[in-house]
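We go stop by stop.

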Amino acid sequence: MTEPQPPQPRLTLRSGAEGPAVTDTLWAQVGGTDTFERIVRRFYDGVREDPLLAPMYPDADWEGAIWRLRTFLEQYWGGPTAYSEERGHPRLRMRHAPFPVTPDAKERWLRHMHAALDAAELPPMHDTAFRDYIERAALAMVNRFE
Ligand code: HEM
């Protein structure tokens, strides 16, 4: 008979008065699906009113577009993996190839995302990380220069 083993201590990088340091994902720390849904809906409110961007989106399927962007961003930030289960590998540059993503389109896309992030009021470090990522991702999506 082996002795019952004591529970293994959880490995944490730091601990403080409240216990172990937060080791969660950004997705969990900012409030999970509710927060991502709010950001993406606010973003599409802007896109829908944008005369350059709106015509690029299949207009009968705003809910579909909201789902795709929300689940993609959730997955990127450590949340559920529904995006890839449904859509496979993101291949975002390839998926954007049919759309004329000019520097102007990129600036507009980012403006709407920044407005959505302004409204979401994430904690400063998460806000900075999110903006830094979308900035780089949007630049990578540019595929036309005329
Ligand atoms: C730079 C300007 C951008 C423009 C003009 C643009 C435009 C579009 C359009 C027209 C679609 C098709 C609508 C749909 O079926 O969902 C789309 C899809 C999508 N975009 Fe963008 N996009 C931009 C940047 C980005 C960035 C920076 C990201 C990620 C951080 C992103 C993530 C996605 C995703 C996940 C989809 C759905 C892909 C799929 O599964 O089919 N887009 N985008």
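A polar contact is a pair of N or O atoms within 3.5 Å; within protein, one must be able to donate a hydrogen and the other to accept it, and residues adjacent in sequence count only if both atoms are side-chain atoms. This is a predicted model: local features need pLDDT of at least 70, side-chain atom pairs count only at pLDDT 80 or more, and totals for chains, interfaces and linings use all residues. Residues are numbered from 1 along each chain as its sequence is written, and side-chain values use heavy atoms, without hydrogens and water.

Select Tyr-83. A polar side-chain atom of Tyr-83 lies 2.5 Å from an oxygen atom of the ligand. For Arg-68 it is 2.9 Å.

Next, the rings. Rings of Phe, Tyr and Trp (its six-membered ring) pair if their centres lie within 6.5 Å; planes under 30 degrees apart count as stacked, over 60 as edge-to-face and the rest as tilted. The count comes to 11 aromatic pairs. Select Tyr-44 and Tyr-57. Their ring centres are 5.6 Å apart and their planes stand at 85 degrees, so the pair is edge-to-face.

Which class does Tyr-44 fall in, buried or exposed? Tyr-44 is buried, at 5% relative accessible area (buried means under 20%, exposed over 50%, partly exposed in between; 1.4 Å probe, protein chains only).

Last stop: Trp-77 and Tyr-133. Their ring centres lie 5.9 Å apart with planes at 85 degrees, so this pair is edge-to-face. Trp-77 is buried at 14%, and Tyr-133 is buried at 10%.
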